[in-house]
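New notebook page, new structure. I'll jot down what I look up as I go.

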Amino acid sequence: MDHTLVALVEDKPGVLNRVASLFRRRNFNIESLTVGHTSVPGVSRMTIVVDADRTNAHLVEVNLNKLVNVISVQDVTPDRAVTRDLALIKVKADATARAEINQITQIFRGKIVDVSQTSLIVEVTGTEEKIDSMIDLLNPFGIVEMVRTGRVAMVRGEKSVPTMNGRRPALKSVS
Amino acid sequence: MRRSGAQIIWECLEREGVEVVFGYPGGAILPTYDAMTQYDFVHHVLARHEQGAAHMADGYARTTGKVGVAMATSGPGATNLVTGIATAMMDSSPMVCFTGQVPTTALGGDAFQETDVTGVTLPITKHNYLVTDVDDLAYIIREAFHVARTGRPGPVLIDICKDVQVAETDFVYPEEDLELPGYAPPSEASPEEVQRATEMINASERPLVLAGHGVLMSGAMQELREFAERGNVPVSQTLLGIGNMPASHRMNLGMMGMHGEAYVNQAIQSADLLLAFGMRFDDRVTGNLQTYAPDSKKIHIEIDASEINKNVPVDLGIVGDLKAVLQQLNPLVESCDRSTWLTQIDEWQADTRSRDIIYQEANGELLGAHVIRDIWEYTNGDAITVSDVGQHQMWEAQYYHHERPFTLLTSGGLGTMGFGFPAAVGAKFGQPDEEVWAIVGDGGFQMTNQELATAVQENVDVNIAIINNAYLGMVRQWQEFFYEERYAETPLVNPDFVKLAEAYGVPALRVDRREDVEAAVRQARETAGPFLIDFVVEKADIVYPMVPSGADLDKMIRRPTPSTSPASVRS
């Protein structure tokens with residue numbers, strides 16, 4: 001069982017380090033952590049997947065909240081949330097294998113984004129389970145290289161992770 | 001007005017109401033020290049080691065509730081602060097540390113005396129800043145003081161590049177509201193929480209308050225007293241909570257935990273409701289978590305949400321400022337007859353009294369407990385005492401009965417040997433009209449005794465009582481109990497502390513007989529400036545009672561009663 005936390009953080013130097021340092025210091029086990037921009041300048045968004053069998057997700061949440069640069073934390077696990085992972089998978093593919101890999105990619109609504117004499121890069125987006133299934137199918141061809149972004153999540157419907165009314169959290173310059 | 005970064009630091013400190021700074025100069029902080037000469041509002045205390053400066057700032061903060069300020073240069077200056085910062089972090093002491101840093105152009109290049117100080121102090125500060133632009137400086141200082149003193153207080157570090165101290169800008173003090181979208185300390189409890197708590201309290205037959213440091217930080221002493229008196233609810237203290245209720249108050253039982261009163265631990269294990277007020281269920285107060293207070297419901301009122309359910313699962317956790325929450329609860333607490341419970345505790349207490357060394361016949365040995373009890377008597381129980389870490393620290397907690405808040409300072413969480421003496425110096429700067437005693441061990445004192453020079457240079461009127469047993473006594477005690485009396489590296493060959501003090505210019509006495517304690521204490525009190533007494537005490541003494549680490553809280557090793565043999569007594 002895992003828990004998905006969404007944290008809004010101030011986009012300041014060292015914030016990712018503070019979050020990572022907190023997990024290390026408190027001995028929290030984390031499955032994945034993604035960071036990216038939001039629609040509000042100066043605010044970044046982290047999606048943190050906690051291994052809840054080994055780590056109390058609530059303690060992660062309240063400890064994150066203690067960091068001065070963390071604006072809000074929400075455990076979206078009980079909500080109906082859209083969760084997505086993105087993978088780029090480089091698969092061994094000679095001329096004979098290409099058609100079958102293409103077919104698998106179609107079924108998973110992925111895309112082939114690069115082709116060479118001996119390999120393909122497949123791009124696929126979906127839940128982690130979906131991507132795991134696709135990897136199982138591609139494994140027999142020989143996976144050369146793979147990268148996954150880790151989970152990002154958003155609650156369905158009107159409900160949203162509290163933002164800051166569009167205010168930008170920035171240092172005021174005194175001059 | 002045009003100001004350099006260095007001047008801005010002092011302009012801001014003046015506006016924060018800072019009166020004293022403890023520090024040590026060096027290359028990367030030199031512009032700031034140079035600018036200090038233009039400002040009269042501040043008194044700088046030159047420590048002899050940055051760790052001493054940090055403990056002084058901490059001691060100042062603990063006696064005043066104000067933010068203590070320490071200052072050091074980059075690299076080794078900053079790393080020497082680290083133990084002091086970690087000490088303040090564990091005990092939630094408000095502090096702002098300024099460190100110089102190499103110029104922005106040299107950052108990351110392993111320049112002379114460069115250390116990644118914000119990296120080093122990341123896990124031991126409440127927050128920290130690296131300043132690389134002089135235009136950010138004033139705002140950061142204002143934010144740092146706010147973060148240090150509000151919510152659950154703690155140390156904040158500001159690392160300032162040397163070229164930022166030199167650079168000039170148009171200085172306007174930032175008067176506008178701070179923009180801290182992720183920082184909002186809690187205040188009151190919700191009506192539902194108040195109702196649930198009240199129901200649990202009024203329905204309880206054997207309630208007990210566990211009153212911690214949070215009572216003091218929140219300023220909830222009066223509210224705690226009211227709560228106890230209204231509801232006939234007995235109160236016990238954590239080590240750092242001592243002073244949050246007068247020791248002589250009829251509802252105050254005293255200290256809990258590893259070296260707490262046996263009857264307090266028995267009461268904890270027998271209670272049907274524990275009320276944890278501003279404390280964090282440290283392993284030193286719980287013992288074995290699996291068997292801790294098995295029959296009780298628990299209410300935890302705490303400003304730091306991450307402390308609730310961290311160590312001990314509770315039935316009701318209220319995140320709030322203790323003073324505000326108790327003001328909500330007190331009018332609803334009913335006066336219940338709890339005489340059966342209080343009588344039971346009285347009986348346990350009587351057993352403790354029969355074992356107390358103070359009531360046992362003296363055999364001519366000078367014991368640490370005697371010395372501290374006598375200091376208590378001859379200072380009328382009214383001094384600020386600052387203890388170090390070890391056996392004497394526990395005897396202080398047991399035998400110096402504090403009637404007033406903020407009169408016991410000690411490193412409870414980190415257990416920092418070397419804290420006591422410099423923290424006492426800082427405390428005296430915070431409360432110049434109070435009598436201040438540093439009660440230290442011979443081991444810990446030697447970790448920071450260089451601050452004798454600071455005490456002399458500043459003519460600080462602080463008395464030092466060394467409880468000298470020529471051992472690392474608490475470690476020796478563990479070796480005696482748990483390591484089959486193999487005393488690995490605990491015997492100490494000490495300097496002559498009287499001569500050492502005199503070399504620094506500090507008058508000093510040695511005392512090895514009980515009958516000489518009173519005169520020595522009186523002489524120390526009558527002497528202006530620092531005074532040192534080397535109390536040579538029994539070497540193999542033990543702090544009783546003791547809950548062995550990880551044992552059940554009521555499985556204490558007790559002091560033998562006069563009629564029983566020492567070896568076999570456990571209760």
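**Entry 1: two helices in chain B**

Which residues of helix 1 of chain B meet which residues of helix 6 of chain B? Before I note them down, a reminder to myself: this is a predicted model. From helix 1 of chain B I get B:Gly5, B:Ile8, B:Ile9 and B:Cys12.

Next I looked up the geometry. Helix 1 spans residues 5-15 of chain B and helix 6 spans residues 134-149 of chain B; their axes are 10 Å apart and the packing angle is about 20 degrees. Angles under 35 degrees count as roughly parallel, so I put helix 1 of chain B down as roughly parallel to helix 6 of chain B. The crossing of helix 1 of chain B past helix 6 of chain B is right-handed.

**Entry 2: helix 11 of chain B**

Why do I call helix 11 of chain B largely enclosed by the rest of the structure? Because seven of its nine residues, in the stretch 262-270, are buried. I wrote the buried ones out: B:Ala262, B:Tyr263, B:Val264, B:Asn265, B:Gln266, B:Ala267 and B:Ile268. Then I checked what covers them.

**Entry 3: B:Val543**

Is B:Val543 buried or exposed? It has 22 C-beta neighbours inside 10 Å, and 20 or more is the cut-off, so B:Val543 goes down as buried. I found B:Val543 in the segment after strand 20 (531-536) of chain B. Leaving out residues up to four places away in sequence, B:Val543 touches B:His259, B:Gln391, B:Met394, B:Trp395 and B:Gln477. I also checked B:Gln398: 145 residues separate it from B:Val543 in sequence, while their C-alpha atoms are 9.7 Å apart in space.

**Entry 4: where the chains touch**

How many residues of chain A are in contact with chain B? I get 20 from chain A, against 22 residues of chain B. On the chain A side, helix 1 (15-25), helix 2 (57-66) and strand 4 (70-75) each supply at least two residues. Helix 2 of chain A gives the largest share, five residues. By class, I have nine nonpolar, six polar and five charged residues on the side of chain A that touches chain B.

Definitions and conventions
Residues are numbered from 1 along each chain as its sequence is written. Chains are lettered from A and ligands numbered from 1 in the order in which they are written. This is a predicted model: local features need pLDDT of at least 70, side-chain atom pairs count only at pLDDT 80 or more; totals for chains, interfaces and linings use all residues. A residue is buried if 20 or more other C-beta atoms lie within 10 Å of its own, exposed if 12 or fewer, and partly exposed in between; C-beta atoms are placed from the backbone. Helices (H or I, at least four residues) and strands (E, at least two) are DSSP runs, numbered from the N terminus. Two residues are in contact if their C-beta atoms, placed from the backbone, lie within 7 Å. Ala, Val, Leu, Ile, Met, Phe, Trp, Tyr, Cys and Pro count as nonpolar, Asp, Glu, Lys and Arg as charged, and the others, Gly among them, as polar. Axes are lines fitted to C-alpha atoms, for helices over the stretch in contact, and angles run from 0 to 180 degrees between N-to-C directions. Angles under 35 degrees count as roughly parallel, over 145 as roughly antiparallel, 65 to 115 as roughly perpendicular and the rest as oblique. A crossing is left-handed if the near helix is turned anticlockwise from the far one by less than a right angle, and right-handed if clockwise.
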